[in-house]
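This report goes through one structure, starting with its pocket. The strands and the core follow.

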Amino acid sequence: MRLDVFLAKARILKTRSLVKIAVDEGMVFLNGHKAKPASKVEVGHIIEVDIPRSYTKLRVISLPVRNLKKSEAGSLYETLEFRRKELI
C-alpha cells in the first residue's frame with residue numbers, strides 16, 4: 001500500500017492533502033529514511049511523522065482493505081512514541 005494512502009486511512013494526519021504536504025516537505029520518514037508518497041508500506045514498517053506541532057513514531061500492524069471509521073483507524077498501527085512540541 002502507498003504511504004500517503006496509509007497515512008490518510010489511518011488518520012495520522014487529518015486530510016490527504018496534509019499528508020501530501022508533510023511527505024513533500026520531508027516531514028515523514030519510513031524505516032529511518034525520508035519517504036516519498038508512493039513508498040510501499042508493509043506490516044512491521046516504522047513510520048515517523050515530524051510536523052511542527054508534534055512528533056509521532058508508529059509501527060504498522062495491519063493494512064486497511066476498506067475505508068475505516070475514525071474509531072477503527074487506530075487498529076492499523078501501534079504508537080511507539082508521541083510528543084507535542086511547543087511553538088515559539
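## Pocket lining

The model is predicted. By class, 13 nonpolar residues line the largest pocket, along with four polar and five charged ones. The space inside this largest pocket is about 590 Å³. Its lining has 22 residues. Those closest to the pocket centre are Arg11, Ile12, Leu13, Lys14 and Ile51.

Several elements give two or more residues to the lining: helix H2 (16-24), strand S3 (46-51), strand S4 (54-60), helix H3 (70-73) and strand S5 (77-84). S5 has the largest share, with four residues.

## Strand pairing

S3 and S4 are antiparallel partners, with six bridges between them. A hairpin of two residues joins S3 to S4.

## Strand S4 and Ser54

How enclosed is S4 by the rest of the structure? Five of its seven residues are buried, so S4 is largely enclosed.

Ser54 lies in strand S4. Is Ser54 buried or exposed? Its relative accessibility is 9%, and the cut-off for buried is under 20%, so Ser54 counts as buried. Leaving aside residues up to four places away in sequence, Ser54 touches Val49, Phe82, Arg83, Arg84 and Lys85.

## Nonpolar core

The largest nonpolar core holds 21 residues. Which residues have the most contacts inside it? They are Leu3, Phe6, Leu7, Val28, Ile47 and Val49. Helix H1 (3-9), H2, strand S1 (28-30), S3 and S4 each supply at least two residues of this core. H2, S3 and S4 are also among the elements that give two or more residues to the pocket lining.

Leu3 has contacts with Val23, Val28, Ala35, Lys36, Pro37, Ser39, Val41 and Ile47, with residues up to four places away in sequence not counted. Two residues in that list, Val28 and Ile47, also belong to the set with the most contacts inside the core. Val49 is in that set too, and Val49 is touched by Ser54.

How values were computed:
Residues numbered from 1 in each chain as written. Predicted model: local features only at pLDDT ≥ 70, side-chain atom pairs only at ≥ 80, totals over all residues. Heavy atoms only, no water. 1 Å grid on protein atoms, 1.4 Å probe; cavity = no way out; pocket = protein on both sides within 12 Å on 5 of 7 lines; lining within 4 Å. Points joined across faces, edges and corners; volume = space filled by probe spheres on them. Nonpolar A, V, L, I, M, F, W, Y, C, P; charged D, E, K, R; others polar. Buried < 20%, exposed > 50% of the residue type's maximum accessible area, 1.4 Å probe, protein only. Contact = heavy atoms within 4.5 Å. Pairing = 2+ DSSP bridges. Core = buried A, V, L, I, M, F, W, Y, C linked by side-chain atoms within 4.5 Å.
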